[in-house]
Amino acid sequence: NKELNRVVELALYKNKIYQELVETKLRFEIAIKAGNMGVWEFWPTERKYFLDKNLKALYGFGENELSNNLDDWSALVYKEDRVLMTLTFGNFLKSKGREFKFEHRIYRKDGSVGWVVDHGLLFEADNEKPLRIIGTTTDITERKEAEIELQKSEEKFRNVFEGSGIGMAILGLDGQFTKVNTVFCEMLGYT
């Protein structure tokens with residue numbers, strides 16, 4: 001009877017652990033999707049690349065549309081960013097660093113260009129697996145587009161401010177000048 005009770009307890013415990021694992025996996029998948037990211041693993045010495053369906057979706061591909069071939073994925077890196085990415089990644093592998101982070105542009109399936117950040121952690125080889133990097137790729141296109149628009153807006157303001165034919169000044173909350181244009185200085189007799 002004790003043995004039967006022990007077997008039942010172990011089976012219930014195993015079922016509980018399994019349920020917790022399923023719930024954790026579901027939370028992870030929801031978080032990855034909500035974060036607009038995909039997960040990957042790369043084995044540099046063997047040139048093997050493993051990825052999830054969310055990463056393919058980030059690039060606009062279906063789950064079965066794109067292979068895990070590293071060369072196929074490298075071709076999706078924006079042409080002007082490839083050399084810098086290769087150099088940055090090569091330097092990372094030669095360094096003693098444990099963390100890799102790189103922002104770059106990508107080509108999507110529909111031909112549009114997006115921005116992503118790759119963020120990975122290095123794991124040394126052990127008895128079971130070779131040297132590997134496990135990480136995420138996050139879509140940052142909206143943020144980068146907002147940054148570009150902000151830069152354009154700031155440049156436009158600066159050009160209007162500096163090129164204006166009237167004197168202009170910006171005051172801080174304390175009433176002190178924080179920025180003045182050339183015309184304003186000339187009005188006050190400064191050159």
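**View 1. The E6–E7 hairpin of this predicted model.** Strand E6 (residues 169-171) runs antiparallel to strand E7 (residues 177-180), and three bridges join the two. Strands here are DSSP runs of E with at least two residues, helices are runs of H or I with at least four, and both are numbered from the N terminus; two strands count as paired if DSSP finds at least two bridges between them. Look for Ala169, which faces Val180 of E7. Five residues separate the two strands of the hairpin, and Gly175 in the turn has a positive phi of about 85°. Residue numbers start from 1 along each chain as its sequence is written, and side-chain values rest on heavy atoms, with hydrogens and water left out. As this is a predicted model, local features need pLDDT of at least 70 and side-chain atom pairs count only at pLDDT 80 or more, while totals for chains, interfaces and linings use all residues.

**View 2. The largest pocket and its lining.** A pocket is an open set of points on a 1 Å grid over the protein atoms alone, where a 1.4 Å probe fits, with protein on both sides within 12 Å along at least five of seven lines; lining residues have an atom within 4 Å of a point. The space in the largest pocket comes to about 530 Å³, a volume filled by probe spheres set on grid points that are joined across faces, edges and corners. Of its 22 lining residues, Leu70, Ser74, Val77, Met85 and Phe89 are nearest the centre.

View 3. H4 contributes the most, with six residues. The lining counts 13 nonpolar, five polar and four charged residues, where Ala, Val, Leu, Ile, Met, Phe, Trp, Tyr, Cys and Pro are nonpolar, Asp, Glu, Lys and Arg are charged, and the others, Gly among them, are polar.

**View 4. Glu23 on helix H1.** Helix H1 spans residues 2-34 and carries Glu23. Is Glu23 buried, exposed or partly exposed? Glu23 is partly exposed because its relative accessible area is 45%, which falls between buried (under 20%) and exposed (over 50%), using a 1.4 Å probe and protein chains only.
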